[in-house]
Amino acid sequence: MAEVIKMPKMSDTMEEGVISSWLVKEGDEVSSGDILAEVETDKATMELESYEDGVILHIGIEEGDAVPVNGVIAIIGEKGEDIEGLLKDIKEGGGDSGSNDYSGSDEEESSDSSSDSNEEEVDASDVNANLITMPKMSDTMEEGVIASWLKKEGDKVEAGDILAEVETDKATMELEAYEDGTLLYIGIKEGDAAPIDGVIAVIGEEGADYEKLLKAHEQKKSGSSSNKESKKDDKKEESSSKKESSSPSPNASANTQSENKKGGRIFASPLAKKIAQDKGIDLAEVEGSGNNGRIIKADVENFTPKAKSSEASQKQTSTEQSINIPKVVGEESYEEVKVSQMRKTVAKRLSESKFTAPHFYLTMEINMDKAMEARKSMNEMSPVKISFNDMVIKAVAASLRQHPKVNSSWLGDKIRRNHHVHVGMAVAVEEGLLVPVIKFADNKSLSHIAAEAKDFAKKAHNKELEPKDWEGNTFTVSNLGMFGIEEFTAIINPPDACILAVGGIKKTAVVKDGELVPGNVMKVTLSCDHRVVDGAVGSAFLQTLKGLLEDPVRILI
């Protein structure tokens, strides 16, 4: 019986393969293990082996053409076997190109299997159990990681019991049970992620057929998306085949290089080619011992090049003597670490901000002499130690009250002018960045802001922040001055229109009353979303901020 040979998936990223060369032709007899063709993938040129004994009855892809993974490329069967019916089934998907024909066949098979599965719909209405899915624990959460399970399969649980700890993009939170029963099934291991609404466990009556419930859920889920996926795949494969047919074969240069002095093609395995390239061996000088004179690994390794002329040898020897490069011995190594939910969210949100919001930057120097004196005096009376960052937050809040256009958000077809002032303070933690929010900062005293900021920083490092602690910011302050950074630019934290990057205080020469005297200067950079804030508006905000910090008494008014 004839067997269809399909394009295998030869690498984790491979989507299609190009037939670099056929080593057999229609009518040839092949045995299991024979090399049928060389396939160029996205990473290397690899050999395609036969896993059947028989005769090559049909070759559907010409050299240089591409075919998607699982696309039909050949048929092997008994000599004289009638394959007209099989070829007709393959080509029923429509289209003239091989890629389209084969993708159409695959789609037909998938649609058949889909219709079969729909006919045998699983009825789980009699199963006394319920699925536990991953809840959406924050406004930006897309998936959650099971940090630890506090229950195991077979345990009795009651409504309100904590089943597991879930790591979201911002904190580690508890997952509660909302019904009584037995934990019948755990679908996500500790350390693994599950998308929103993904099944993570099953709770129900002891002995309930939870597998039937899971099958019904999976059938329902796959059934709703099968039509969309098939249409998407069809468009993708159609565009791929068009691209391949309109562009020259990427193998053209490789084939040209493989020609020997007589103009014929050199047959060599990919490994033999690689070794020859590394050793600088011309394959045209190597005699092959494989099928049809094909060069294999052993031929290259055992190859002895012809003796060079004495003049060339002397020249090479003199060159080697004149250049003596010491060998450096080392070992390349690395480790791959799973990306935490927090890091994923930081990457996604800030990438969206950077590439969608047109940023521009305004930098200003602020003399901090009076601020340093005022801080020293205030800390003598304050119940909690006030930092320079606390003073910046208070000054920012007061400035926002005077410049409401900076205290805004871009909403696509409208701009939101916030009448309240909620200042986010960026806090660096081991796994990324958190931005707890000091709400109504313009109405709070410096000591109140200092106490709240310290409490937020402690909670952030202990992963104890709650969703209400990081939601609602209208402006953000990021301070790297404590690390010795003089100035930097920050990426706007959505949904804000601006973010203030605060550098360290540096002792430098300043001009005062026409004389050069020592002073303490701090640089700040305002990143602005040009869709909301213009240069003049941002500059006026910085001037007000500068005036408040250079004369801190005005902050208290």
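I took contact to mean heavy atoms within 4.5 Å. Helices (H or I, at least four residues) and strands (E, at least two) are DSSP runs, which I numbered from the N terminus. Axes are lines fitted to C-alpha atoms, for helices over the stretch in contact, and angles run from 0 to 180 degrees between N-to-C directions.

**Entry 1. Basis of the entries**

I worked from a predicted model, in which local features need pLDDT of at least 70 and side-chain atom pairs count only at pLDDT 80 or more, whereas totals for chains, interfaces and linings use all residues. Residues are numbered from 1 along each chain as its sequence is written, and side-chain values use heavy atoms, with hydrogens and water left out.

**Entry 2. The protein as a whole**

I found 13 helices and 26 strands in the protein. Of its 557 residues, 40% are buried (under 20% relative accessible area; exposed is over 50% and partly exposed lies in between, with a 1.4 Å probe and protein chains only). Among contacts with a separation of 6 or more, 61% are between residues 24 or more positions apart.

**Entry 3. A sheet of six strands**

I traced an open sheet with mixed pairing, in the order β17-β26-β25-β24-β20-β23. Its edge strands, β17 (359–367) and β23 (437–439), each pair on one side only. Two strands pair if DSSP finds at least two bridges between them. Direction ignored, neighbouring strands of this sheet are turned by 30° against each other on average.

I then looked at one pair: β17 and β26 (residues 515–529) are antiparallel over nine bridges. Met364 stands opposite Val524 in β26.

**Entry 4. Helices across the sheet**

Helix α13 (residues 535–550) lies across β17, β24 (475–479), β25 and β26, and runs at about 20° to β17. Helix α9 (residues 369–379) lies across β17, β25 (498–512) and β26, and runs at about 90° to β26.

**Entry 5. Packing of α10**

I recorded an angle of about 135° between α10 and α13, with their axes 9 Å apart. The two helices are therefore oblique to each other (angles under 35 degrees count as roughly parallel, over 145 as roughly antiparallel, 65 to 115 as roughly perpendicular and the rest as oblique). α10 passes α13 in a right-handed crossing; a crossing is right-handed if the near helix is turned clockwise from the far one by less than a right angle, and left-handed if anticlockwise. From α10 the contact includes Met391, Val392 and Ala395, and from α13 it includes Phe541, Thr544 and Leu545. By class, this contact has 10 nonpolar, three polar and no charged residues (Ala, Val, Leu, Ile, Met, Phe, Trp, Tyr, Cys and Pro count as nonpolar, Asp, Glu, Lys and Arg as charged, and the others, Gly among them, as polar).

I also examined α10 (residues 388–402) against α11 (residues 446–461), which pack at an angle of about 120° with axes 9 Å apart. α10 and α11 are therefore oblique to each other, and their crossing is right-handed. Asp390, Met391, Ile393 and Lys394 in α10 meet Leu446, Ile449, Ala450, Ala453 and Lys454 in α11. The contact of α10 with α11 divides into six nonpolar, no polar and three charged residues.

**Entry 6. Ile295**

I located Ile295 in the loop between α5 (270–279) and α6 (297–301). Ile295 is buried, with a relative accessible area of 2%. Ile295 and Phe267 are 28 residues apart in sequence and 6.1 Å apart in space, C-alpha to C-alpha. Leaving aside neighbours within four places in sequence, Ile295 has contacts that include Ile266, Phe267, Leu283, Val286 and Val300.
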